[in-house]
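This briefing is intended for a reader who is meeting the structure for the first time. Please keep the sequence and the model at hand while reading the points below.

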Amino acid sequence: MATSKRTTRKRATRAARGVSTKGRGRVRTSVPVDLDERSYAVELGRDWLTTIGRRIGRQLAAERIALITVPTVARRYGPMLTRGLESTGARVGRIVVPDGDSSKSLAQLGKLYDRFLLQGLDRQSAVVTLGGGVAGDLGGFAAATFLRGIPFAQVPTTVLAMVDASIGGKTGVNLSQGKNLVGAFHQPRGVYIDIDTLRSLPVRQRAAGAAELIKAAAIWDAELFEWLEGRIEAFLALDSRVVLPALERACAIKAQVVRRDEREGGLRRLLNFGHTLAHAIETHARYRGILHGEAVAIGMVFAADRSEALGFAPAGTRARLEGILERAGLPTRAPDRPRRAYLSAMAVDKKKQDGKIHFVVLKGIGSAGTVMLTPQEILPARWRPSPSGRARGGGDVAALEMRRDRRGDVVELGHSVRMRLERIAAAERDRRAGLAEVAIAAIGEPTEWPARVVQALASLPESEGGQARSILESGLDQWASDLGFPPLDALCDVEQAAERVAHEQPMRAEELERPIEIDELERAFAEAEAQTDEMHDVNAVAERVLMDEPIGLAELSGQVLGLLAEEGVARQEREEVPVDAAVVEDAARPMAPDGGDAEEAGQRVSASLLATLERWLENLERRRAGRAQ
Ligand SMILES: NC(=O)c1ccc[n+]([C@@H]2O[C@H](COP(=O)([O-])OP(=O)(O)OC[C@H]3O[C@@H](n4cnc5c(N)ncnc54)[C@H](O)[C@@H]3O)[C@@H](O)[C@H]2O)c1
Ligand SMILES: [Zn+2]
């Protein structure tokens, strides 16, 4: 494939005209959770946090809202959501609880009530939770109990919370004696999902959430299971064409199960598939070192194995389940502990009746049932955890986490993830050899930060932005060397490069056409910067750039407004973009109906990209100077 400046420019021009509107805050689907007067909807979309805020604000129609969240999420997404909530006239008090399951405690709950009273919350007030299952369970329980119950809405930001925890109305906290021992059923007024919030979620957490997604398919929906079998890597890489339909279907499954069985009778129990052994594993690990979804993955493979042995499921069921879980980088073998350790952990299962446990078995992929078994029947005498068992996240543990832990982790990378990262490295080599288009094609959907940096660099005119470019390039060099990849020296064999792209990934026309969205770049830079080690408090900087100085609107408003205009977004929504009139007018000019001079528009985009790079550079240098003092 030949590279030409011309094509690069065309891409930029398309971006300038807002061809990338597809999906921008628009792709929205709704899954009803039908519970008579407690009915609500799960709404899914992308890039629409502020709109979510506005929708929740209108729906709750509360004068005061307590927004309950955790630090990472608060920093990244709090301001956008708050802006939306406040635009409907609500007074929003943000309450940030510490990260982790230990926040699901009576002590933390007490602090929440104190804050509610301080904020003057009354019966007309409401709660909004923003975060994973911890924020949702704790915030939901606070809403369920404060003044005997006030309304709440959920904005889940982990895969697990999106497909599982946020739907169904189970809320609660832990006691020192065990998890979720105090709780209430309190249905939210709505669940609002912005899949773009998953971009900041570490891959390991994504995979753990995917375990629950795979679980839903395994017990209920053979078609979804098969569909996921062909797409699990794309799901983890957050390809929106996979994530949206997958989440929608999983939410529908959870909604259906909950509708038919709101209070945990027989049907809802099926959702515990894989959880019997998982809980035993978690108990022994004291909830450290292993994520819930990882334990569930192990538990599911075990339960599928037992289902086959007990004659419920046809041979091959376990192998299919194990296959997809392994590809997701999840562990599938129980940690090596004596059988009696597992038995004793199962014996304290809080759902036990007459010494027996409702054990969920598969009847095949897509269908499940329960049998009453004693722990001894569940774990027959000859059962042993596999000696080759990997106790902890076997494969695709977040690439982002590898820098922190350099001991042999590259070897442990899941095969598919490693291949993908290698492809990104190869793309960067191609780019350095001047094959920008080849690089872009090889990368496909740029979900990882290095991919986005490569893509950004590939889209910039070669002659400009030298210093910013070299910082980003050295960030990539560092990344490659951390992973033990060969240096990112330019590869000069054009034919070989083109062939590699053709082989490794059938080039899809739409991917080549897809322009980079400006905010994607912003995020890429934020993450790239986080990896350069140049900066200590990356989050503070990201927040300043992304939130406080709303993504450099002076440079970018042309884009934003162009997109809004093209989408015909209501005036009222448009007014929310905080820019002054002069900037608006100026920025809107190249978006005139005739499109102005396409070339000029393309140059504008390059200029704004450069300006962004330059700004980041400035930040870096200011930081360095600050530290030198
Ligand atoms: N209510 C239910 O029906 C139900 C069902 C399943 C699980 N749960 C509960 O859910 C909890 C687990 O939920 P979880 O896995 O979401 O854990 P979590 O809420 O602790 O989130 C996991 C981690 O991801 C971080 N995070 C969340 N969103 C992020 C984002 N968008 N970007 C970057 N980081 C982000 C969090 O700060 C946290 O460190 C458990 O307490 C479990 O008991 C409840
Ligand atoms: Zn679970």
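This is a predicted model: local features need pLDDT of at least 70, side-chain atom pairs count only at pLDDT 80 or more; totals for chains, interfaces and linings use all residues.

Glu212, by contrast, is buried, with a relative accessible area of 2%. Both residues coordinate the zinc ion (ligand 2).

**Zinc site**

- The zinc ion (ligand 2) is coordinated by Glu212 through OE, and by His275 and His292 through NE2.
- These coordinating atoms are found at 2.0 to 2.2 Å.
- Along the chain, the donors of the zinc ion (ligand 2) have the spacing E-x62-H-x16-H.
- Glu212 belongs to helix H7, while His292 belongs to helix H13 (residues 292-309), so this pair ties together parts that are 80 residues apart in sequence.

**Packing of helices H7 and H10**

- Helix H7 (residues 203-220) packs with helix H10 (residues 240-260) at an angle of about 60°, and their axes are 10 Å apart.
- The crossing of H7 and H10 is left-handed.
- On the H7 side, the contact is made by Leu213, Ala216, Ala217 and Trp220.
- On the H10 side, Ala246, Ala250, Ile253, Gln256, Val257 and Arg260 take part.
- Sorted by class, the residues in the contact of H7 with H10 are 8 nonpolar, 1 polar and 1 charged.

Technical notes. Residues are numbered from 1 along each chain as its sequence is written. Chains are lettered from A and ligands numbered from 1 in the order in which they are written. Side-chain values use heavy atoms; hydrogens and water are left out. Axes are lines fitted to C-alpha atoms, for helices over the stretch in contact, and angles run from 0 to 180 degrees between N-to-C directions. Helices (H or I, at least four residues) and strands (E, at least two) are DSSP runs, numbered from the N terminus. A crossing is left-handed if the near helix is turned anticlockwise from the far one by less than a right angle, and right-handed if clockwise. Contact means heavy atoms within 4.5 Å. Ala, Val, Leu, Ile, Met, Phe, Trp, Tyr, Cys and Pro count as nonpolar, Asp, Glu, Lys and Arg as charged, and the others, Gly among them, as polar. Donors are N, O and S atoms within 2.8 Å of the metal (3.2 Å for Na, K and Ca); water is not among the atoms, so sites may look incomplete. Buried means under 20% relative accessible area, exposed over 50%, partly exposed in between (1.4 Å probe, protein chains only).
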